[in-house]
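Reader: I'm new to this one, so please show me how to read it step by step.

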Amino acid sequence: MESTFYEKTAAGISEISTRSQQLNFKERQLLILIDGKISVAALTQLMPLPDLLLRLEKTTNGRNDYTVDSPS
């Protein structure tokens, strides 16, 4: 997980400007933080991993609004 990075897709970027999914504060904050530069390890410093994964699932509403990159 230390070398895993999330990056927003076009749907995630759109959600930030339109607020169409009515995300709560923490979910929106998480989506904003996902930028392809902050690792999952760093994100877990802001919220516990189980909570992080649950919010990612809820934030995407079953869609993949982020991509995962694990640099080698």
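Predicted model: local features only at pLDDT ≥ 70, side-chain atom pairs only at ≥ 80, totals over all residues.

Reader: What share of the residues in the protein chain is buried?

Author: Buried means under 20% relative accessible area, exposed over 50%, and partly exposed in between (1.4 Å probe, protein chains only). Here 33% of the 72 residues are buried. The chain as a whole exposes about 4600 Å², with carbon and sulfur atoms supplying 54% of that; such areas come from the Shrake-Rupley method with a 1.4 Å probe, and for residues only the protein chains shown count as cover.

Reader: Where do Ala41 and Ala42 fall on that scale?

Author: Ala41 has 25% relative accessibility, so it counts as partly exposed. Ala42, at 29%, is partly exposed as well. For Ala42 and Thr4, 38 residues apart, the C-alpha separation is 10.0 Å.

Reader: What percentage of the contacts in the protein chain comes from residues 24 or more positions apart?

Author: A contact means heavy atoms within 4.5 Å. Counting contacts with a separation of 6 or more, residues 24 or more positions apart account for 69%.

Reader: Which residues of helix H2 are buried?

Author: H2 covers residues 25-33, and its buried residues are Glu27, Arg28, Leu30 and Leu31. Look down the axis of H2 and these fall within an arc of 160°, so they line one face of the helix. That arc is taken from the directions from the helix axis to the C-beta atoms.

Reader: Which residue caps the N-terminal end of H2?

Author: Asn24 does, with a side-chain oxygen 3.0 Å from the backbone nitrogen of Lys26. Another case is Ser17, in helix H1, residues 10-18. A polar atom of the Ser17 side chain lies 3.1 Å from the backbone oxygen of Ser14. Ser17 is exposed, because its relative accessible area is 60%.

Reader: What does the side chain of Lys8 reach?

Author: Lys8 sits in strand S1, residues 5-8, and its side chain reaches the backbone oxygen of Leu31 at 3.2 Å. A polar atom of that side chain also lies 3.3 Å from the backbone oxygen of Ile32. Lys8 is buried yet has no salt bridge, meaning a side-chain nitrogen of Lys or Arg within 4 Å of a carboxyl oxygen of Asp or Glu. The nearest side chain of opposite charge is Asp35, 6.6 Å away; for charge, Lys and Arg count as positive and Asp and Glu as negative, with His and the chain ends not counted.

Reader: Which residues is Ile32 in contact with, leaving aside its neighbours within four places in sequence?

Author: Those are Lys8 and Ile16. Ile32 lies in helix H2 and is partly exposed at 42% relative accessibility.

Reader: What is the phi of Arg19 and of Gln22?

Author: Most residues other than glycine have a negative phi. Arg19, however, has a phi near 55°, and Gln22 has one near 50°, again a positive value. Arg19 is found in the loop between H1 and H2, and Gln22 has its place in that loop as well. Arg19 counts as exposed because its relative accessibility is 52%, and Gln22, at 73%, is exposed too.

Notes. Residues numbered from 1 in each chain as written. Heavy atoms only, no water. Helix = DSSP H or I, 4+ residues; strand = E, 2+ residues; numbered from the N terminus. Polar contact = N/O pair within 3.5 Å; in protein donor to acceptor, adjacent residues only side chain to side chain.
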